[in-house]
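The following paragraphs lead through one protein chain, from its overall make-up to individual residues. Please keep the sequence and the coordinates at hand while reading.

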Amino acid sequence: LNGVQLPSTESDRKAFTLDIIPSFVVDKMVIAKTASPDKPGDFAGGLIDITTRDIPFENSAFITIGGGTHSLTTNKNFTAQYTTGSDVFGLATDRILPTNIISTAENKPLQAGNALLTAEGQKFNHDFSRRSFNANPNLTFQAGINGRTKIFGNDFGYLGAATFSNSYRNINSFQTIPLLGNETALKNPVNGDTINQNISRYNTTSALMGNFSYKIGDFTKISFKNLYTVISENSYGERFLGRLPADEAENQKQRSYIYFFSSNQMVSNQLNVDHYFNKAKLRVNATGGFFYADRQVPDYRRLNYQSLFDTETRTYGRYQLFSVPDVRDFNPDLPQRYYSNLYENAKNANLDITKSVNFLESTDIKAGFAYMERERTFRVRNFLYGYNKNSLSQAPTFFGPDTIFNNRINTVSYTHLT
């Protein structure tokens, strides 16, 4: 952006959401397919260089509102997890890890199930409720203003823009997997796993942009350009598995529930000075920038239930939470809560010098320098639910779906995290 490399809008992979930059603010866009000395060298398919406007020719403003529908989602049933006030704009403010939670170092010497871990478990938000509604059409909103004026007799230009979009999406899949290696299963397609998965996904994209440029005389221009973006995903998923092996004693049903929320924030600030030495026919362009990216996955939750087949009554039992007493080791099937932050800070500086010479015909000789320093920090905490075997003889029934989804878990004193 304006000659300075930006971080990915998804910090865990190389990608950029171009629709956060309204077309209104774009002056030009150049796509480089081959490497050159004045471009960063860490791209493979291509490099997109977007230049935003500096000093506009005239004052103007715009507002754009758009919408869209999806045949499998719009006005169809949509199931969402619990929401907070900050979810609307994709922020994770109300979902962060509780303050003063026990540290990893403090937890290591402790025995799971003791009073301290039980007390720590009560600090968390235990709202597992869901709500269903008909999905609205997707929305896109953009607004912007730009203008120019005189300050001390010199041109001053400004540009401001905001964009917001959201989208609803239902993703449904059904799959039957025969039990490989089992002759009976291969002969009878009924034997195997039947998987039905439903995911309701809500995405938002928000961006604010502010550019300011000041021209001193005819040969000097100073620009200060800023961009702030927030991209979020709020998903709720249900997965139902029916397992029918050749031995009916091993028949079982499984139900898994996933609560996922991610928030990607990015801030970019750039200061550019461009000066042309008329007599020497020499142009010097210097840019300094700073950007910060933060990808948060706050309070990712996963619950797994199983119902076993009773060969005597020929019926399935009640769905029971997959849990064990006195949790000590990590097991991905256990009910869990996961918090992570991936931070990226970067500083960069560019210096480009262009000299025009007359050699047979007008020729430009370019030289430059680029510097970038990046620092990434990844922090993660993973918590598992267990139960106190001194108080309960089996996995707690209060973790049943009817209790979880009606938000009645807050009164439970046996839950603890490790």
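A strand, in the sense used here, is a DSSP run of E with at least two residues, and strands are numbered from the N terminus. By that convention, Asp 299 has its place in strand S11, which covers residues 282-310. The model is predicted, and local features are discussed where pLDDT is at least 70.

Arg 314 belongs to the loop between S11 and strand S12 (315-316). With a relative accessible area of 47%, Arg 314 is partly exposed.

The chain as a whole provides the setting for these details. Its secondary structure consists of four helices and 16 strands. Of the 418 residues in the protein chain, 42% are buried. Among contacts with a separation of 6 or more, 73% are between residues 24 or more positions apart. The chain exposes about 22700 Å², of which carbon and sulfur atoms supply 55%.

The interior may be considered next. In soluble globular proteins, nonpolar side chains tend to be buried together. Here the largest nonpolar core has 15 residues, and those with the most contacts inside it include Leu 1, Ile 20, Val 25 and Leu 227. Strands S7 (154-178), S8 (192-216) and S9 (220-244) each supply at least two residues of this core. Another core, of seven residues, lies apart from it and has Tyr 236, Tyr 257, Tyr 259 and Leu 321 among its members. Leu 227, from the largest core, touches residues that include Leu 6, Leu 208, Met 266 and Val 267, with residues up to four places away in sequence not counted.

Nonpolar side chains are also found on the surface. Phe 212, Ile 216, Ile 222, Phe 224, Leu 271 and Val 273 form a nonpolar patch there, with about 470 Å² of accessible area together. Strands S8, S9 and S10 (252-277) each contribute at least two residues to the patch. Ile 222 is located in strand S9 and is partly exposed, at 32% relative accessibility.

Strand S9 also holds Thr 220, which counts as buried at 17% relative accessibility. Which side chain makes a polar contact with that of Thr 220? The partner is His 275, at 2.5 Å. Beyond its neighbours within four places in sequence, Thr 220 is in contact with Tyr 214, Lys 215, Asp 274 and His 275.

Thr 79 lies in strand S4 (residues 77-81) and is buried, with a relative accessibility of 16%. The side chains of Thr 79 and Ser 132 are joined by a polar contact of 3.3 Å. Residues up to four places away aside, Thr 79 touches Arg 130, Arg 131, Ser 132, Ser 200 and Tyr 236. Tyr 236 is one of the residues of the seven-residue core.

Finally, Gly 67 is placed in strand S3 (residues 60-68) and is exposed, with a relative accessible area of 67%.

Notes
Residues are numbered from 1 along each chain as its sequence is written. This is a predicted model: local features need pLDDT of at least 70, side-chain atom pairs count only at pLDDT 80 or more; totals for chains, interfaces and linings use all residues. Side-chain values use heavy atoms; hydrogens and water are left out. A nonpolar core is a set of buried Ala, Val, Leu, Ile, Met, Phe, Trp, Tyr and Cys residues joined through side-chain atoms within 4.5 Å. Buried means under 20% relative accessible area, exposed over 50%, partly exposed in between (1.4 Å probe, protein chains only). Contact means heavy atoms within 4.5 Å. A polar contact is a pair of N or O atoms within 3.5 Å; within protein, one must be able to donate a hydrogen and the other to accept it, and residues adjacent in sequence count only if both atoms are side-chain atoms. Patches are made of residues with over 30% relative accessible area and no salt bridge: like charges are joined within 9 Å, nonpolar side chains (Val, Leu, Ile, Met, Phe, Trp, Tyr) within 5 Å. Accessible areas come from the Shrake-Rupley method with a 1.4 Å probe; for residues, only the protein chains shown count as cover. A salt bridge is a side-chain nitrogen of Lys or Arg within 4 Å of a carboxyl oxygen of Asp or Glu.
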